[in-house]
Amino acid sequence: MYVAITQPLTFTEFLAWDDGSGREFELWDGIPVPLSEPNANHEDLIQQLCAYLENHCQENNLPYVSRQSKQVRLKTASGEKEKSRKADIVIFAKEEWQRMKTISSSAAAYIPPPGIIEVVSNNWKDDYLTKLAEYEDLGVLEYIIIDDAAFGGIRFIGSPKQPTITIYQLEDGEYLPPKIFRGQQQIDSLLFPHIPLTAEQIFAMSR
């Protein structure tokens, strides 16, 4: 059944909203905006990396829970309509995830999560520019951009373009200059210290 929008939705209302089409949406100024469907390589990388990170957290007793395709409520000024992003992978604080398990509301990042991972697609400017500013403003401690198909602009991934992982880490409310990883370089993560993953191993998850 189609559900029409008669007035802007809050984030909580949006999570319970369904237009009956089966499509995925983000919330923008209180209005649901449809998303493009990711390709198979994109899906495989997200699924395999999310599962890897979840196992890594459990095995190393890290206080995080990794979940794919979760809504993240963005920061809005007083009087503004609510907004959200549907992030490829959200790294939740384990304590927050356990809290959500006690309520009936949809699982989502109601409060700023420690980490977010986005896998770049054709609309690469969203990941490198728009979402970067949004997640910095939100206070996400670590934002990881995985550009396995080298979609990004030269100013972000260099020339000639090559698959690149870019990691932004928050300090005093601002993202530090990014850390760049390619090929056999081991990832240096704030949330996952000493994780035994190279950039190439992450890229291979899409193949």
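## Cysteines

The sulfur of Cys50 lies 9.6 Å from the closest cysteine sulfur, that of Cys57, which is too far for a bond. Cys57 is likewise in no disulfide. The structure holds zero disulfides, a disulfide being a pair of cysteine sulfur atoms within 2.5 Å.

Cys50 is buried, at 6% relative accessible area. Cys57 is buried too, at 2%. Buried means under 20% relative accessible area, exposed over 50%, and partly exposed in between, with a 1.4 Å probe and protein chains only.

## Basis of the values

This is a predicted model: local features need pLDDT of at least 70 and side-chain atom pairs count only at pLDDT 80 or more, while totals for chains, interfaces and linings use all residues. Residues are numbered from 1 along each chain as its sequence is written, and side-chain values use heavy atoms, leaving out hydrogens and water.

## Nonpolar cores

The largest nonpolar core has 34 residues. Such a core is a set of buried Ala, Val, Leu, Ile, Met, Phe, Trp, Tyr and Cys residues joined through side-chain atoms within 4.5 Å. Helix 4 (residues 124-138) gives the largest share, five residues. Helices (H or I, at least four residues) and strands (E, at least two) are DSSP runs, numbered from the N terminus.

Tyr135, Tyr143 and Tyr175 have the most contacts inside this core. Tyr143 touches, among others, Asp127, Lys131, Tyr135 and Tyr175, not counting residues up to four places away in sequence; contact means heavy atoms within 4.5 Å. Apart from this core lies another, of 26 residues, among them Val119, Leu197, Ala199 and Ile202.

## Cavity

A search of the whole structure finds one cavity of 30 Å³ or more. On a 1 Å grid over the protein atoms alone, a cavity is a set of points where a 1.4 Å probe fits but cannot get out; lining residues have an atom within 4 Å of a point. The largest cavity has a volume of about 100 Å³. Grid points are joined across faces, edges and corners, and the volume is the space filled by probe spheres set on them.

Its lining includes Leu49, Leu53, Ile144, Ile146 and Ser189. Helix 2 (40-59) and strand 6 (142-147) each supply at least two lining residues. The lining divides into 10 nonpolar residues, one polar and no charged. Ala, Val, Leu, Ile, Met, Phe, Trp, Tyr, Cys and Pro count as nonpolar, Asp, Glu, Lys and Arg as charged, and the others, Gly among them, as polar.

## Backbone exceptions

Most residues other than glycine have a negative phi, and most peptide bonds are trans. The bond from Ser159 to Pro160 is cis, with omega near 0°. Ala150 has phi near 55° and counts as buried at 16% relative accessibility. His194 has phi near 65° and counts as exposed at 75%.

Note on methods: On a 1 Å grid over the protein atoms alone, a cavity is a set of points where a 1.4 Å probe fits but cannot get out, and a pocket is an open set with protein on both sides within 12 Å along at least five of seven lines; lining residues have an atom within 4 Å of a point.
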